[in-house]
Structure formats: structure tokens, C-alpha cells
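Dear colleague,

Please find the structure below, for you to open beside this message. After it come my notes on what was found.

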Amino acid sequence: MNSSYLNNENLIKNLKKGEESAFVYLMNTYHNKLCVYARGLTKDHYTAQDIVQNVFFKVWEQRQKLNSGYNINNFLYRSVYNEFIDHYRKIKLLTPLEEEHIKQLKAIVQEDRVSEINNLIELVKQEIENLPPKCKSVFTMGKLEGLTYIEIAEYQKITVRTVEMHMSRAFEIIRKKIGDKTDVILFLLFGMQLKNRQSSFR
């Protein structure tokens, strides 16, 4: 490994020159990390691999456009975000609410605030783990497993109204910690529409 690649500016300079060794260093350093990150977004191993592959392909194809002032770490993570968002747009028709979430995500990543999003994601995961047992069970069945309120009620042997109460409580607890970015982070984590709670019926 060329130790000069440890310097962000030197790495980008050599990438722009078409040095394959610089690209190999980039792949070796970031490929696995970005795949793990992309899997967290897509919840699918193969889609994550495709997204990261596309990002590296575009970096190489458009290497002349790289700016020496880029923080390559933030640039790559931001590129994975953008690729994920583009992928999401292609596979499904977005609701106005989803469009708004995606706009907010793009604004965040364009401002190089990737670490902030990562911290919020981890905080949300922690808050979900800390929910009261029944509340946690109902919330994860609805958001992680994608079950409707009716399905959850039948499985848990409770009323739909009780399901609604548990979901509302979960959102309230999480929102107290996360604030106005709660819906965006949950959208990113679960890839679901966060409509009115009663719209979970199929």
C-alpha cells in the first residue's frame, strides 16, 4: 500500500490521474464498511452490494470531477445515501410524505452531516430496545415485520385499539429523544410509509 494514500488530498489527486493502485486502496479501505452501511439502509444484502458497486463505478468513471477538498469518507457515505435514494425511487411509487422524507435526507447528506444521521439511527435503535416489552413487540411487528394493526391484534390477542395505543406510545417515546427528525430516521430504518397510524390497514 502506498502510504501517501492516507492523505486525503493525495488519494484524490492520484485517483484523478487514473492510478489504479489508488482505486484499489479506496476499495480495500471502504468497500466492506459501505456494504454494511448500505445493508442498514436497504435491509437486503444483494441490493446493498449493487449500490456500493455502483458508487465505486461512478467514482472511477467520474474521477476527473473529484475535488481535492473532498473528505473522501463523507463523500463515499453520501454517495451511498444518494444511490440508495435513487434506487428507492425506482422500485416504488413514492407518496408525497416519502418524497418529503427523501428531500430532508438529501439536504442532510449534502451538508456532510452523515455522522449525525448515524448517531440518530443508533439512538432510535437503542430507544426501540428500551421500549416496554409489549410496546416494543407491537412496534417491531408493525415497523420491522410490516404487519397491519389487525394482524398484530390477532397475533397478540389484543384489540386494534390497544395496538394503536402501543404504537402511539412508542412514537411518543422515540420522538422525545429524536425530535423533529423522528419520521425521517424511521423511514430510513424501515423503508415504510409513516402515514397516519390508522393507515396501516391493508
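A salt bridge, as the term is used here, is a side-chain nitrogen of Lys or Arg within 4 Å of a carboxyl oxygen of Asp or Glu. This is a predicted model, in which local features need pLDDT of at least 70 and side-chain atom pairs count only at pLDDT 80 or more, while totals for chains, interfaces and linings use all residues. Residues are numbered from 1 along each chain as its sequence is written, and side-chain values use heavy atoms, with hydrogens and water left out.

By this rule there are five salt bridges, and one of them joins the side chains of Lys58 and Glu83, at 2.8 Å from N to O. This pair links distant parts of the chain, since Lys58 lies in helix 3 (residues 45-61) and Glu83 in helix 4 (residues 72-91), 25 residues apart; helices here are DSSP runs of H or I with at least four residues, numbered from the N terminus. Lys58 is partly exposed at 37% relative accessibility, whereas Glu83 is buried at 10% (buried means under 20% relative accessible area, exposed over 50%, and partly exposed in between, with a 1.4 Å probe and protein chains only).

Another salt bridge pairs Arg161 with Glu164, whose closest N and O atoms are 3.4 Å apart. Both residues lie in helix 9, three residues apart, which is about one turn of the helix. Here Arg161 counts as exposed, at 55% relative accessibility, and Glu164 as buried, at 11%.

Conventions. Helix = DSSP H or I, 4+ residues; strand = E, 2+ residues; numbered from the N terminus.
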